[in-house]
Amino acid sequence: MTQDAMRQEIITLENKRINALISGDLETLGSLMAEDLAHIHGNGHMDDRSAYLDGVANKFKFHRIERGDIKIRIYGNVAVV
């Protein structure tokens, strides 16, 4: 896979993540997350995968998510976004 194709795949997956957050689609959102996810909120609180998905299900409501341009750097089989 070329680097351009990898970048496009990452953008596609990010859009899928955004749509899952807005629609509350926990199955899709969970499928995009690693089992050992560590999500750090803006206030410094950390959630593991289970707590994050619980928050999306029961605490947080996303009406709209707007992103600026994302920068994707590819190093072998690792991408930094």
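**Close-up views of the predicted model**

**Figure 1. Overall architecture of the protein.** The secondary structure comprises three helices and four strands (DSSP runs numbered from the N terminus, with helices being H or I of at least four residues and strands E of at least two). Starting at the N terminus, the elements follow the order α-α-β-β-α-β-β. This is a predicted model, in which local features need pLDDT of at least 70 and side-chain atom pairs count only at pLDDT 80 or more, whereas totals for chains, interfaces and linings use all residues. Residues are numbered from 1 along each chain as its sequence is written, and side-chain values use heavy atoms, with hydrogens and water left out. Along the principal axes, the C-alpha atoms fill a box of roughly 40 × 25 × 25 Å. Of the 81 residues, 20% are buried (buried, under 20% relative accessible area; exposed, over 50%; partly exposed, in between; 1.4 Å probe, protein chains only).

**Figure 2. Salt bridge between Asp4 and Arg7 in helix H1.** The closest N and O atoms of Asp4 and Arg7 are 3.9 Å apart (salt bridge, a side-chain nitrogen of Lys or Arg within 4 Å of a carboxyl oxygen of Asp or Glu). Both residues belong to helix H1 (residues 3-23) and are three residues apart, about one turn of the helix. Asp4 is exposed, at 60% relative accessibility, while Arg7 is partly exposed, at 26%. A search of the whole structure finds four salt bridges.

**Figure 3. Salt bridge between Arg67 and Glu14****.** The closest N and O atoms of this pair are 2.7 Å apart. Arg67 lies in the loop between helix H3 (49-58) and strand S3 (73-75) and Glu14 in helix H1, so the pair ties together parts that are 53 residues apart in sequence. Glu14 is buried, at 14% relative accessibility, and Arg67 is partly exposed, with a relative accessible area of 46%. Glu14, Arg17 and Arg67 are linked in a network of salt bridges.

**Figure 4. Salt bridge between Arg64 and Glu66****.** In this pair, the closest N and O atoms are 2.7 Å apart. Arg64 is exposed, at 64% relative accessibility, and Glu66 is likewise exposed, with a relative accessible area of 62%.

**Figure 5. Nonpolar surface patch of Tyr75, Val78 and Val80****.** Together these residues have about 280 Å² of accessible area (Shrake-Rupley method with a 1.4 Å probe; for residues, only the protein chains shown count as cover). Patch residues have over 30% relative accessible area and no salt bridge, with like charges joined within 9 Å and nonpolar side chains (Val, Leu, Ile, Met, Phe, Trp, Tyr) within 5 Å. Val78 lies in strand S4 (residues 78-80) and is partly exposed, with a relative accessible area of 43%.
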